[in-house]
Structures are given as structure tokens and as C-alpha cells.
Amino acid sequence: MVPALLLCLSFGYVAALKPVCLSAQFSRPGDYIIGGLFPFGMDTTNLTARSEPTTVVCERLFVDGLVWALGMKFAIDQINNSTSLLPGVQLGYDMHDTCLEPLAALQPSLLFLTQNGTTGIGVLSNYTDYQPRVTAVIGPHNSDLCLVTAKLFSFLLIPQVSYGASSETFSDTELYPSFYRTVASDKTLVHAVVLLLDEFKWNWIATVGSDDKYGREAQELFSSAAMNHSLCIAFEGLIPTDLQEPEAKNQMEDTIKLINNTQVNVIVIFASIKSAQALLEHSIRMGLSNKVWIGTGAWVLSDMTASIPNIQSIGTVLGFRPEVNTEVPGFRRYVANLFASVQQDKFCQESEEFYQLMGSDVLDTRCKHCDNISLGNISHLLRRSHVKPVYIAVYSVAQALHRALGCTHQACPKAPIRSWQLLHFMNTLPFEVNGQRFKFDQSHSIDTDYKLILWSWRNGTLTYLPVGTYEGSLSINKSLIHFHTADQKEPLECFRNCTPGQLKISKGFHLCCYDCTDCPENTYWNSRAIPTCTPCLQHQWSPGRSTRCFKRREMFLFWSQPLAMVLLTLMAITISLTCLIALLFLKNLDTPLVQAAGGTLNLFALFTLALLSLSCCLYIGRPSSNLCMTQQMAYALCLSGCFSTFFIKSLEIVLVTEFPRCAPTFLGWVTQGRAWLLVALCIFTQCLFCLCYFHLGPDYLVSDYKSLPTEVLLLCNTGSWFAFALLHGYNGCLAFVCFLCTFMVQTSAKRYNIARGITFAILIYFITWIFFIAFFSTLKTVLRSVAQIGATLITSLGILGSYYIPKCYIILLKPDLNTAEYFHNSITEEPEEDSQ
């Protein structure tokens with residue numbers, strides 16, 4: 001028995017040393033060809049040293065990639081032997097090495113795009129009928145590689161199904177319309193990691209990612225999610241993807257030193273297999289203390305990381321494995337039979353013939369290292385068997401092709417089919433794989449559940465122990481988890497207690513290290529809204545470092561304010577003075593001076609001036625929209641009443657001085673009772689403008705919350721500047737006409753110049769309005785009301801002082817001048833002066 005056993009072992013050893021033809025098994029002709037992109041090799045030569053566009057060469061076999069490729073071959077062979085799926089149709093396949101390098105993946109991708117039966121890519125205006133070399137593509141595994149290939153295949157709408165690219169970028173179906181994947185996006189996995197950290201109250205952590213699309217994007221997603229869950233990222237680092245660069249080693253060592261300085265006990269790794277392996281090797285070499293390592297990529301299940309020398313010393317390793325990474329029935333037996341076959345000369349000869357039929361000499365990227373391995377080299381990977389994503393990817397394409405061809409369970413028409421015709425069926429219809437139902441979601445992903453696994457070492461042997469599940473929510477069996485230290489669950493903290501009214505401001509990467517700063521004005525601290533200060537509502541305010549908001553006090557010109565009292569006193573003086581002048585004029589109504597000044601028209605003008613002064617009360621007290629509208633119309637109408645009498649007197653003056661021959665004809669309209677018709681016409685015209693102002697845009701009440709810090713300012717806002725100008729422009733026109741009619745009139749020194757009083761009154765009005773408009777358009781406080789009151793009172797006092805008070809002076813102190821001779825034709829020039 002012993003000699004026989006030794007003989008068998010020797011034959012087995014010789015067979016293991018003999019090269020096999022496994023490399024020829026990854027190309028087969030067929031009715032429809034499916035392309036495959038798999039990382040058979042790794043560790044390419046220094047790409048920066050390439051001076052010619054030669055083929056990229058891989059130095060070492062990547063066993064995981066080989067197993068994934070075998071999974072695709074197994075699925076296609078199974079479909080070709082099926083009587084229900086694509087019956088009568090033979091699927092071919094053409095698999096190429098990507099070397100885990102985007103540059104290497106580009107070459108076979110271009111080969112897949114070549115026109116069927118040729119080695120050239122047609123440049124056409126319309127690719128609807130273009131028939132590429134392959135019907136669909138499986139792979140690649142890496143997100144960085146897919147970022148290159150997906151844009152190529154999306155141009156021709158060739159279905160590409162990745163079995164490992166989890167980057168959230170590929171969820172954009174507008175940019176990648178023909179890209180699919182049989183794994184979930186990083187967004188789902190990041191959420192699962194956050195829930196795991198929350199479950200164990202680990203809020204003081206470090207994150208490290210590979211310096212590629214997957215690592216950077218996953219870290220960005222995690223940082224955003226961590227902020228919403230009060231997780232403290234003490235350090236964020238990147239692992240260089242090209243580990244042969246001179247600075248790569250120093251960068252790796254610096255990363256580990258910084259992690260050690262943060263004193264974190266939990267490290268989350270978003271990295272590819274090579275990057276994770278390099279990080280763990282340097283951590284062990286540099287003596288990094290035991291940590292909890294949380295894995296999110298394929299490195300958790302990779303044999304490369306598990307075989308690192310002294311890997312047991314790194315601490316506790318937890319990772320998430322997709323549920324689709326369960327064992328595929330019959331796969332291990334299929335691989336065992338295949339390895340037995342590739343040692344047979346006849347089988348290898350047939351394989352080489354098939355290989356040559358595929359024209360593989362065009363781009364010889366076969367797995368040359370595969371010919372020197374045995375079943376024993378990959379048997380440990382077959383036990384874990386994470387080829388199911390590849391298996392599902394192949395079946396998704398096959399079932400879409402089955403439907404596109406219109407196959408039945410008995411037969412399939414071998415009709416020409418375009419790659420883009422498969423997309424409709426992949427987008428809309430579910431498919432079954434070994435009785436399990438799958439469907440691509442709106443982002444062309446298969447949303448899978450995850451198993452939480454623990455690296456469990458027993459007698460130097462690693463087993464992946466399931467300790468929990470993630471199915472939208474996380475469920476953990478904590479009794480199965482044994483940590484390497486007793487105090488691992490205690491998080492480290494880096495903060496001080498802030499007092500109420502203070503905001504926590506994070507320092508750098510340390511989200512739980514923060515400074516305390518006071519909440520700014522008009523915000524308050526709310527314990528339910530940490531870590532932000534809550535803004536007060538618009539009608540509220542608060543001082544700095546406040547825990548509540550206060551109601552804003554309304555601000556307007558109060559009756560009890562000292563400024564208002566001063567203005568009311570001035571208003572009362574103006575009204576009293578107006579009334580006294582009116583009484584004096586009434587008492588001396590028949591005197592030459594009063595008659596020369598306008599007679600009873602003066603009493604009407606003084607009455608409107610009294611009303612104008614009284615309208616100042618409209619600007620004091622709490623305003624309203626109706627009150628704002630009334631203010632402007634009251635001012636305009638009262639002033640029109642006064643200016644209409646000046647207008648009558650000005651017409652009289654211009655008739656006598658400029659048109660003496662026409663004067664007898666028209667003076668009756670401006671000096672007798674018919675003058676009141678002109679006054680009424682002027683006021684009626686102003687009423688029409690008031691009506692236009694009301695419809696175009698009257699002033700309205702606004703609440704200004706910005707001008708004052710603690711009050712709300714109630715003020716009247718101009719609804720339409722055009723309506724405002726129309727309303728007050730009419731009075732300006734009346735005043736301007738009066739000014740033109742009076743400012744050039746000359747009289748003898750022996751007579752009183754009535755025209756001069758009107759001229760100065762109008763000048764005071766214009767000067768007042770120039771200053772008023774400048775202030776009124778810029779002021780946004782209660783001073784706006786003060787400006788309006790001031791302008792009103794100055795106008796009234798100006799008219800009284802320039803026109804009426806001089807006449808009162810003559811009546812009271814110079815009665816000897818109040819004679820018919822002095823005021824008779826006082827607006828005309830002396831006849832003798834005319835003759836001269």
C-alpha cells in the first residue's frame with residue numbers, strides 16, 4: 001500500500017509540474033460572443049517607463065481573477081447545455097486580462113468594439129446597424145477600470161455588466177446608459193458601516209481609502225454620512241495605487257504614523273485588494289497596535305490579505321460580504337473536472353484550435369501564468385466561492401438575449417441581433433438564476449443584502465464567521481464577536497462641554513473635537529437641533545449666545561416720543577398762525593391790501609394751509625396701508641388748493657404786465673366770482689391725479705426687519721414712483737407756472753410788489769422739495785415720517801412767511817400804506833416810466 005501511495009503522489013507531483021493548457025480555455029467561438037474582462041494578473045511593470053505603446057505585461061498571477069473568469073466560463077457552458085435557456089444557440093466567449101490597470105483594460109475593450117469579422121472600428125454617422133465583435137461584456141471588477149471602459153461601451157450601447165464596480169458614479173444612467181452591475185453601490189455599503197459603528201458606539205475612528213475612484217468616492221460618502229450620525233473621523237488618508245513609485249512607501253508610512261498619533265481603535269478601509277494588502281503589511285512591519293479593522297471591499301475575502309505574514313496580530317477584522325457571494329451549485333465540481341481535462345493532450349489540442357478560431361493572435365492577453373498552477377492552488381478560493389456576481393451577470397445577458405431573439409423553451413431563431421436591442425429587456429424584465437429572482441433597479445444595480453463576517457482564527461486557520469446581516473437594517477449577534485482587547489468598545493472623545501447658547505465647531509478632520517463658540521445674533525441654541533444654531537423667526541430677535549428668541553418691538557413715530565411732541569408743537573404753532581392770519585384778513589377783507597392780494601381767495605388758501613399743517617397728524621402713530629395712501633393724497637390736495645389761488649393771482653399779473661391790451665377781456669375770469677371756477681377746476685384736476693395714483697400704485701405699509709436689530713420698522717413704502725411723481729408733479733407744475741408769471745415783474749418803489757411774495761413762496765417750496773426727495777428716497781427709519789412732517793410744515797411756514805406775514809405787517813404796523821392809491825394797479829409799471 002505504501003509503495004502504491006508513493007507512486008500516486010509522485011505522478012501527481014509530476015503532473016503538477018507539467019504545464020497545462022488552462023490559458024486556452026478563455027476563448028470559444030459561438031453564435032453570439034460575450035466579452036470578458038478579468039484581472040488574471042497583477043503587478044505590472046513600471047508604466048511610466050513605457051516609451052512605446054507596447055502591451056502591458058503582468059508579472060504575477062491574481063488567483064481571484066482566475067476564479068472569476070472560471071465562473072463566467074462555467075455559466076456559459078451551463079447555458080449552452082441548457083434545453084430551456086437559448087436552446088439551439090451556442091454562446092461564445094472571449095476573455096482578456098486587465099492586469100488591474102485601466103491602460104491594460106483599454107486594449108481588449110477596443111478589440112470588443114471592432115466590427116465583427118474584422119480588426120477595425122468603423123467610423124460611421126449611424127451605428128444602429130453596426131455589429132461589434134461581442135454582443136455584451138462581463139466585467140471588469142474594479143471601478144477605476146469601469147470608468148474607462150463604460151464610456152466606450154456606452155457609445156455603442158453595448159451592455160456591460162460589472163461584477164464588482166460599486167462606485168456611486170455609475171448610478172447615473174444618463175452618463176452610462178448601458179452599464180449594469182450585479183452588486184450594490186457604495187452608498188448602500190456605507191450606510192451599513194455607519195450602522196455598525198453606531199451599534200458599538202464607535203465614534204472615534206480613522207478612514208483610509210485607495211487613491212482611486214472607489215476609495216475617494218467611498219470616503220466622501222462616508223464623511224457625509226458620518227456627519228449626520230455624530231461620528232468622529234480623527235483621520236482620513238489615501239493609499240497610493242502605484243506602490244512602486246518612490247514616494248509611495250514614505251506616504252504609506254506617514255499614513256500609519258498619523259493613524260497611531262490619533263490613538264483611534266477603529267479603522268475603516270475603503271480600498272482595493274492591492275492597496276489594502278500594502279496598508280496591512282506596513283502596519284504589521286511598523287508595529288501598529290491592535291485595532292478593529294472594518295472592511296468594505298473584496299480585500300476582506302481575498303486570499304492575498306489573509307496570507308500576509310503575521311496577519312493575526314492586526315486585531316479584529318469585520319467586513320461586509322454581499323449575499324450574492326454564496327456558493328454556486330456545481331462550480332467546484334466543474335473546476336475540478338476542468339483541471340483534470342487541461343492535463344490531457346487531446347483536450348488541449350482542441351482548446352488551441354478553438355483559441356485560434358477566435359483570432360486571439362490579434363491581442364494575445366491570455367492568462368499565461370494560469371498554465372503553471374494546479375487545482376490545489378485555488379481550492380481554498382473555491383470553498384469561499386465568491387463568483388456568484390459573475391455567474392448572475394452572465395445569466396442576465398443570456399436571458400435578455402433569449403427574450404430579444406424571441407426564443408421559446410424548445411428553440412431559438414439564430415437571427416442577427418444588435419447589442420443595443422438587449423437593453424430594453426435588461427432594464428424592464430426580471431430574470432431567474434437557479435430559482436432566485438433578480439432585477440436591475442433604476443440605477444442598473446442589483447440591490448443585494450450583506451452578511452457581516454468576522455475573521456476568526458483557530459489554530460492558525462482563518463474562517464469567515466457570519467455574525468450579522470444587513471437587509472436595510474443591521475442585525476448583529478454580538479455574542480459571536482470576540483475582540484482582541486477588553487476595552488475596545490469604549491470610544492475615545494475629544495471635546496469639552498459647551499454652555500447653553502454655544503455652538504460646537506469641529507476642528508479639522510476630528511468631527512468630535514470641537515471648539516465652543518457663541519451662537520450669533522438672531523439665532524439661538526436649541527438642544528434638539530445640535531450641532532447648529534437655530535435661526536429666529538422673522539418677527540423675532542435674539543442677542544448673541546442666547547437660548548431663546550424674543551419678539552421684535554414695533555417701531556414707528558409714537559405720539560409720546562419727544563421728537564413727535566416737538567413736531568406737534570410746531571404744527572400747532574403753524575395752524576395757530578394760519579388761523580390768526582385768516583382772522584386778520586377776514587377782519588380787513590374790504591381793505592385795498594387784502595383785495596389786491598386776492599380777497600376771499602386768501603381765506604380759502606389759508607384754510608387749505610391749515611388743513612395741510614393738520615395732515616401732519618397722519619404721519620404719527622401706528623401706520624396702516626390706508627393711512628399711507630391718505631397721507632400723500634391729503635398733502636397733494638391741500639397744497640393744490642393753496643397753489644390754485646396763487647395760480648389765479650399769477651394769471652392776473654401776467655395779463656396786466658405782459659398782455660395789457662387783452663387784460664380787459666380776460667381779467668373778469670381771474671378777478672371776479674368766476675375765478676372760483678378756475679380754483680375748482682385746478683382742484684378737480686388734482687382729484688383725477690389722485691384717482692390715477694390710487695389705481696397705479698398707492699403707498700402701502702411694509703414691515704422692515706433688516707434696518708433695526710431688535711425692532712420691526714413699520715413704514716410706508718412707495719408703491720409706484722411714477723404714480724408718486726404724477727400726484728406731486730401736478731403741484732410742481734402749478735408752482736412752476738406761478739413762478740414764471742411772477743419772477744420778472746417789476747414795480748415802482750412807491751408801490752407794493754404782490755408778485756414778489758408769490759415768487760419767494762414758490763422758491764421756498766421748490767427748495768424744500770429738493771431736499772425732501774433726497775432724504776425721502778434714502779431714509780428707511782422713523783425719520784422718513786419726520787422728513788414728511790418737516791417738509792409739510794416748512795412749506796406751510798414758507799408760504800405764510802413770504803406771502804401773508806408781510807401783508808399782516810402792513811395791516812397792523814403800516815396802516816397808512818393800506819390805501820387805494822398804494823395798491824391800485826400795484827402790479828403795473830408807472831406810465832411815466834413806460835414813456836421814458
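**View 1. Lining of the largest cavity, by residue class.** In this predicted model, the lining of the largest cavity comprises 11 nonpolar, five polar and two charged residues. Ala, Val, Leu, Ile, Met, Phe, Trp, Tyr, Cys and Pro count as nonpolar, Asp, Glu, Lys and Arg as charged, and the others, Gly among them, as polar. Residues are numbered from 1 along each chain as its sequence is written, and side-chain values use heavy atoms, without hydrogens and water. Local features need pLDDT of at least 70 and side-chain atom pairs pLDDT 80 or more, while totals for chains, interfaces and linings use all residues.

**View 2. Position of the largest cavity.** Five cavities of 30 Å³ or more are found in the whole structure (sets of points on a 1 Å grid over the protein atoms alone where a 1.4 Å probe fits but cannot get out; lining residues have an atom within 4 Å of a point). The largest has a volume of about 140 Å³. Among its 18 lining residues, Pro 623, Gln 631, Leu 715, Cys 716 and Ser 785 are the closest to its centre. Helix 18 (625-658), strand 27 (711-717) and helix 23 (783-813) each give two or more residues to this lining (DSSP runs: helices H or I, at least four residues; strands E, at least two).

**View 3. Helix 20 against helix 21.** The axes of helix 20 (residues 675-696) and helix 21 (residues 721-742) come within 8 Å and cross at roughly 165°. The two helices are therefore roughly antiparallel (angles over 145 degrees). Residues in contact (heavy atoms within 4.5 Å) include Phe 689 and Tyr 693 in helix 20 and Phe 722 and Tyr 730 in helix 21. This contact has 13 nonpolar, three polar and no charged residues.

Terms used. 1 Å grid on protein atoms, 1.4 Å probe; cavity = no way out; pocket = protein on both sides within 12 Å on 5 of 7 lines; lining within 4 Å. Points joined across faces, edges and corners; volume = space filled by probe spheres on them. Axes fitted to C-alpha atoms, helices over the stretch in contact; angles between N-to-C directions. Parallel < 35°, antiparallel > 145°, perpendicular 65-115°, else oblique.
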